[in-house]
Amino acid sequence: GVIRTFDFTVSRGIIAPDGYERPVLLVNDAFPGPLIEANWGDKIIVNVYNNITGPEEGTAIHWHGLLQLGTPWEDGSPGISQCPIAPGKTLTYEFIADLFGTTWYHSHYSAQYAGGVVGPLIVHGPTQQKYDIDVGPIMLSDWHHESYFDLIAKMLAPGGSFIVPSDNNLINGKMNFDCSTVTPGDATPCNSYAGISKFNFQTGKTHRLRLINSGADGIQRFSIDQHTMTVIANDFTPIEPYDTTVVTLGVGQRTDVIVTANAGGSESAFWIRSNISSCSVSRQPIAVAALYYDGADTTKPPTSSPWDIPDPHTCANDDLEITKPLFPMAVPEPTFTQTMDFELFTNSSNITLWKFNGVSMRANYNQPMLVQANEGNFTFPEERNVLNFYTNSSVRIVVNNKSPGSHPMHLHGHNPYILHEGAGDWDGGIVRPNNPLRRDVQLVRPKGHLVLQFDANPGVWGFHCHIAWHASGGFFASFVVQPDEVVKMRLPHTVEDTCDAWDAWTARNV
Ligand code: C2O
């Protein structure tokens, strides 16, 4: 493999992706952040400089979905794999692009990724499905006009709730907004004609689109007027191609599709649409982008009409039956099975939080659990919500959703088998035991269950709901996987240096 080096500076900024100005945090002043591109097996090096000032804040970048085989300390999860990067400090991440396909990176510090710290990450690998043009990442994200910090503060205050309707929905960081709907008296600059994203198709050619839900909360339903899409991958798993008019993506999920430009003459123009599902909370759930064939007049908006897409009302992903991995992998007999229920509750201070497997997680950014485990100490405070799976080689997790909402469940450091998802309790059935879907985020429907299983990758790994606010509200567990291997790991000095700088910064700020 080749070495690919990137320099990231995280800093504050004011942007108006939909015309309404709001404070954000950005990577290299861009939203979405810069593209990381590599080939399968390459080494990726990213120097992350924390330039967040006024006020200062920590940060840490997570490379979503990568396995970090033998490098769990590069996973970018503060409180788990590292201390946050202190203001004014740089941390160099070094890891292998160990899976191929489409993913994203995002801050894993508090709900910072809902504040703008997100970007696409593409790993090129063997191509199963031929196509002519790689259109690149298409990032779909709900959008709030308040800063993530203020939103979290309100949610986690007495009497707060996690129902925080988004103000808009963006495609590659763009959408228009009706400024006349802004609360009277709000003097924030707003421009109703901010503009939308535009894409180009070459007539008759096949195009690969890499869809990424990089939002905070909303489930996206993506479609292109008058074009069917051929799905070729879900997260990092290539699948047997199938055609659809709509792709459903929970937060953190990716789907790669191939689209043929055969829906009209070279002057054609069509709407690309992404609607936030009625299963999610949004004030303005519609996002559009314009698609122009090679000869079309790109100054004119398309006039196409939408597909008639029925709402499946399951609030889950497409049927697992139709998403078959291209390279079969049979699920082994699990060596251990863990059941984990989750639900909302209100504590004695009237604060609404999540309880996952009986605990509402509270992080300690000064004491990353991987560092503690590496020192041979596996006794964690209960509020850290840690499960130790000891020497087990394959662990099955049965998740029961006791809440009325849908949740995108994400496991770090693994590409788990998705054995079953459905309403009510699990009946023990497995979808295609000889070739179940594998992906790193899967939606579990309201009052439903999700069964997944993973082959052990030694480390300490987060398992959480990818809705930004839910993770902050305690919907987070950590798995100690093969502790006997973890104690043998030689952590690079950057781990300790980062904690020393963070400890010094927090000591100054008490
Ligand atoms: Cu996309 Cu815990 O991460």
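Let me begin with a definition: I call a residue buried if 20 or more other C-beta atoms lie within 10 Å of its own, exposed if 12 or fewer do, and partly exposed in between, with C-beta atoms placed from the backbone. What we have here is a predicted model, in which local features need pLDDT of at least 70 and side-chain atom pairs count only at pLDDT 80 or more, while totals for chains, interfaces and linings use all residues. Residues are numbered from 1 along each chain as its sequence is written.

H5 has 16 residues and reaches 23 Å from its first C-alpha to its last, close to the 22 Å expected, where the expected span is 1.5 Å times one less than the number of residues. Within H5, Thr498, Ala501 and Trp502 are buried, and they lie on the same side of the helix because they cover an arc of only 100° around the axis, the arc being that of the directions from the helix axis to the C-beta atoms. On the other side of H5, His493, Glu496, Ala504 and Ala507 are exposed.

Now to the sheet, which is open and has six strands in the order E10-E9-E12-E17-E14-E15, with mixed pairing; two strands pair if DSSP finds at least two bridges between them. Strand E10 (168-171) and strand E15 (237-244) are the edge strands, each pairing on one side only. Strand E9 (residues 133-143) runs parallel to strand E12 (residues 206-213), and seven bridges join them.

How values were computed. Helices (H or I, at least four residues) and strands (E, at least two) are DSSP runs, numbered from the N terminus.
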